[in-house]
Number of protein chains: 2
Amino acid sequence: MINYETFFKVTYGLFIVSSGNMVKGNGFISNSVFQVTSEPPQFAVCCSKDNLTASFIKNTGAFSISILNKETKPETIGRFGYKSGKDINKLEGIYFKEGETGVPVVLEDTMAMIECRLDQTFDVGTHLIFIGKVVDAEIIQEGAEPMTYNYFREVRKGFAPKNAPTYIDKSKLKK
Amino acid sequence: MINYETFFKVTYGLFIVSSGNMVKGNGFISNSVFQVTSEPPQFAVCCSKDNLTASFIKNTGAFSISILNKETKPETIGRFGYKSGKDINKLEGIYFKEGETGVPVVLEDTMAMIECRLDQTFDVGTHLIFIGKVVDAEIIQEGAEPMTYNYFREVRKGFAPKNAPTYIDKSKLKK
């Protein structure tokens, strides 16, 4: 028997994963970012196939990860988490820079950033896992605490959007 | 430039990933466990190729994930994190059960468990990413809080062993 409440006990951070270029870029809120090897340092990010950023990552062969701080503005999460880059330019009016690979790196509400060159792409059904080699990694806000997905859910009352790997149809939860 | 301190800002949980059978089983401490799709529910775990559990997962085609609680005993982490199943029987004297697939599921210090049938295996160099479909998921300790890797590192003064995806050679850190 699968108790879907169990999945909420898995700890994650909260990130913006971005790709594209300085003319047309996009990013989305992700909780599925993790290091997969240390020699060389490589990170995995998991992304819905429907996600605009997924096509940018495939085209540019690079992506950036912005580690959000605990004080991240709800507007930042709203813009990157619940809107589509197909409808709006998510980077408009947002503090960001050009990374070494040419992808945008969101710095708004960001305590640290990691930029990767795409190495492998794995298909897991509705989602893709992108594996990238780290080319740049910097602390942006010394001493800041990272936002955890748990804090976002329980204190900020946030929820996973439909494209997230951790999305749960509420009908599956016990009443 | 890669500042390795950045990697410590990525949030993870702390888990025991197990495989094998009731006669010969093994498990290891992992911080790299995450959900990759919700339809169907699938989880990824990242595991060193040198790890005994990796060969058990390949042989049995299944694995279990034990989500450790915040009060997890240092002995449990010591046994599963810093010793090899090649030298000792890690499950001896440990509270565990047989999962639906036949793999051992560690219940010691465990607040929730997830059991998966292996679906795909991806090679990322020194490590493998195992993707499994969830066959069972249960809350073991209602109301318990999960241990985070951050809490383990900063409060418990733990460190990643050499086989971990997040292992960092101390010479790479700034003095």
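The structure is a predicted model, in which local features need pLDDT of at least 70, side-chain atom pairs count only at pLDDT 80 or more, and totals for chains, interfaces and linings use all residues. Residues are numbered from 1 along each chain as its sequence is written, and chains are lettered from A and ligands numbered from 1 in the order in which they are written. The predictor's confidence in each residue is expressed as pLDDT, from 0 to 100. For chain A the mean pLDDT is 93, with 99% of its residues at 70 or more. The complex is given an ipTM of 0.92 and a pTM of 0.93 by the predictor.

Helices (H or I, at least four residues) and strands (E, at least two) are DSSP runs, numbered from the N terminus. Two strands are taken to pair if DSSP finds at least two bridges between them. In chain B, seven strands form an open sheet in the order β2-β1-β5-β8-β9-β4-β3, with antiparallel pairing. Its edge strands are β2 (25–30) and β3 (33–38) of chain B, each of which pairs on one side only. From one strand to the next, the twist averages 35°. Strand β1 (residues 15–20) of chain B runs antiparallel to β2(B) and is joined to it by six bridges; Ser18(B) is placed opposite Gly27(B) of β2(B).

Two helices of chain B lie across strands of that chain. Contact between two residues means that their C-beta atoms, placed from the backbone, lie within 7 Å. Axes are lines fitted to C-alpha atoms, for helices over the stretch in contact, and angles run from 0 to 180 degrees between N-to-C directions. Helix α1 (residues 52–60) of chain B lies across β1, β2, β4 (41–48), β5 (62–68), β8 (110–123) and β9 (127–139) of chain B, at about 50° to β1(B). Helix α2 (residues 74–81) of chain B lies across β1 and β2 of chain B and runs at about 110° to β2(B). A residue is counted as buried if 20 or more other C-beta atoms lie within 10 Å of its own, exposed if 12 or fewer, and partly exposed in between, with C-beta atoms placed from the backbone. In α2(B) the buried residues are Thr76(B), Arg79(B), Phe80(B) and Gly81(B), and their cover includes β1 and β2 of chain B. In helix α2 (residues 74–81) of chain A, the buried residues are Thr76(A), Arg79(A), Phe80(A) and Gly81(A). Strands β1 (15–20) and β2 (25–30) of chain A are among the elements that cover them.

In chain A, strand β3 (residues 33–38) is largely enclosed by the rest of the structure, because six of its six residues are buried. A hairpin with two residues between the strands connects β3(A) to β4(A). These strands run antiparallel and are joined by five bridges, with Val33(A) opposite Val45(A) of β4(A). Strand β4(A) also pairs in the antiparallel sense with strand β9 (residues 127–139) of chain A, over seven bridges; here Val45(A) stands opposite Phe130(A). Strand β8 (residues 110–123) of chain A runs antiparallel to β9(A), and eleven bridges join them.

A nonpolar core is defined as a set of buried Ala, Val, Leu, Ile, Met, Phe, Trp, Tyr and Cys residues joined through C-beta atoms within 7 Å. The largest such core has 92 residues, of which Val45(A) and Val45(B) touch the most other members. Apart from neighbours within four places in sequence, the contacts of Val45(B) are Val17(B), Ser30(B), Ser32(B), Val33(B), Phe63(B), Ile65(B) and Phe130(B).

Pro41(A) belongs to strand β4 (residues 41–48) of chain A. Pro41(A) is buried, because 23 other C-beta atoms lie within 10 Å. Not counting residues up to four places away in sequence, Pro41(A) touches Gln35(A), Val134(A) and Ile2(B).

Copies are superposed by least squares on the C-alpha atoms of residues with pLDDT of at least 70 in both. Chain A is superposed on chain B by a rotation of 180° with 0.0 Å of shift along its axis (RMSD 0.0 Å). The two copies are therefore related as by a two-fold rotation axis. The C-alpha of Tyr12(A) is the nearest to the axis in chain A, 2.7 Å from it. The copies meet through the same surface, because 100% of the interface residues of chain A are also interface residues in chain B.
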